[in-house]
Amino acid sequence: MGKVIIIEDNPVYCDYVGNLLAKSGVPSKKYYSLQAARKALLNVEPDDIILSDLRFPDGDGIELLRHLRDSGHRNPFFIMTDYDEVPTAVRSMKSGATDYVSKRMLEDELLPVLHNLWRQQEQKIQKQDRIYERESEAFRNIHHRVRLVAPTDMSVLILGENGTGKDHIARKIHEQSTRSDKPYVALDCSMLTPSLAASILFGHEKGAFTGADGSKSGYFMEADGGTLFLDEVGNLPLEVQQMLLRAIQNRTYRPLGGNRDITADVRIVAATNENLETAIEEKRFRRDLYYRLREFVIEVPPLRECREDILPLADYFLGRMNESLKKSVKGFDAGSRKMLLDYRWPGNVRELKQVVQTAVLMASEGLVNSETLELKIDNTAADTDLALTDENMQRERIIKALRQAGGNKRQAARLLGISPPTLYKKMEQYNIL
């Protein structure tokens, strides 16, 4: 998300718009004259949004819009209008304006208009960023399960290590559902702070808490009619888990500080790399919510268990990187292809994509070789199995990591270089309490 560039010759109103955006966490840059804006827009960033007044003492917003388009910039351009200027604003759209916003209704209209634009941009990027359609036996089974569950309204829980592409599976479920023409909204729950999680999910009313100077809709309202993807759902605070459970069960929710329930027509798809049953035992996750989320389960295997996908994925990413980096790499030589197959890919598909990106950048043309691939096979042996074959040594390493992490299993998993689910399995295997 870029910034919103506000162009308004009334300093009071310009500051008002800037403050309105700031309260919602939207960065902005203000210009109080048409002349200053003309100079600034020469260096506008591609993801910036222009919000301009229609009339200025020395020109108008339509002239500025044409200047922007003539200089090759295609940034979204919104015109702010008074009531009697609406016909002119409508004509401005023929010059390439994205839309117009009434000044009288700005507080109610601006943020929904911007959120709708960002959603459209995200969906466009997502369509361009489709991952290679994997054909291993494991993924043929996953595609079959997606086709089965997508047309229903069942909640889906996607399990798998980091980097396996759980978000792509969630998006496929939405795209093959009857909700495909409605919003697909993704939320990374690991980024939520306990104090703001409820507000971000369900919104809040003015005065609901310190700093709530206005009302704000949450992700549930944004996803109304569509799909809400909750990534790393195990990180949700317990009190928010209870609110989520109520929203799923009753299909209603109440914003913080609100006095009425809002109907929620939202399909939930959740994902985690954590063993939620262990989290339940540790009182970190609600059992009733767990069963509501896992009405249907899809397990995504790590890349090392789908070795037939490695080379096709690498070739796919190479083509993508050639295009984005403007290179002409023809492929991988025999040595580099062997390295790709021998590596254990602890970071899964995400790591493979990054490795190929670096290799294409380093090689520039010709074939990727062992040097440009920059993989160190000696350091990758059995990452998920703690790089050890002796069970006593594995057990000692786990105990040492847990001790260093003060009993925090997530931190211990990071110290060992493995995922939390793998650590839980190993602890159970070696009877480590």
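A: Once its neighbours within four places in sequence are set aside, S102 is in contact (heavy atoms within 4.5 Å) with T81 and E109. The model is predicted, so local features need pLDDT of at least 70 and side-chain atom pairs count only at pLDDT 80 or more, while totals for chains, interfaces and linings use all residues. Residues are numbered from 1 along each chain as its sequence is written, and side-chain values use heavy atoms, with hydrogens and water left out.

S102 belongs to strand β7, residues 99-102, where strands (E, at least two residues) and helices (H or I, at least four) are DSSP runs numbered from the N terminus. S102 counts as buried because its relative accessibility is 18%, the limit being under 20% with a 1.4 Å probe and protein chains only. Its side chain reaches the backbone nitrogen of R104 at 3.3 Å.

Elsewhere in the chain, five strands form an open sheet in the order β9-β10-β13-β8-β14, with parallel pairing (two strands pair if DSSP finds at least two bridges between them). β9 (184-188) and β14 (296-299) stand at the edges with a single partner strand each, so one side of each has no neighbour in the sheet. Strand β8, residues 156-159, pairs with β14 in the parallel sense over four bridges, and L159 has E299 of β14 as its bridge partner. Helix α6 (residues 137-149) packs on this sheet and touches β8, β13 (267-272) and β14, its direction making about 160 degrees with that of β14; such angles run from 0 to 180 degrees between N-to-C directions, along lines fitted to C-alpha atoms, for helices over the stretch in contact. Helix α7 (residues 166-175) also packs on the sheet, touching β8, β9, β10 (227-231), β13 and β14, and its direction makes about 155 degrees with that of β8.

A further helix, α13 (residues 310-325), has 16 residues that should span 22 Å at 1.5 Å a residue, which agrees with the 22 Å between its end C-alpha atoms; the expected span is 1.5 Å times one less than the number of residues. In α13 the buried residues are I310, L311, L313, A314, F317, L318, M321 and N322, and they pack against β15 (328-332), α14 (334-342), α15 (348-363) and β16 (365-368). Just after α13, K326 takes a positive phi of about 60 degrees.

Definitions and conventions. Buried means under 20% relative accessible area, exposed over 50%, partly exposed in between (1.4 Å probe, protein chains only). A polar contact is a pair of N or O atoms within 3.5 Å; within protein, one must be able to donate a hydrogen and the other to accept it, and residues adjacent in sequence count only if both atoms are side-chain atoms.
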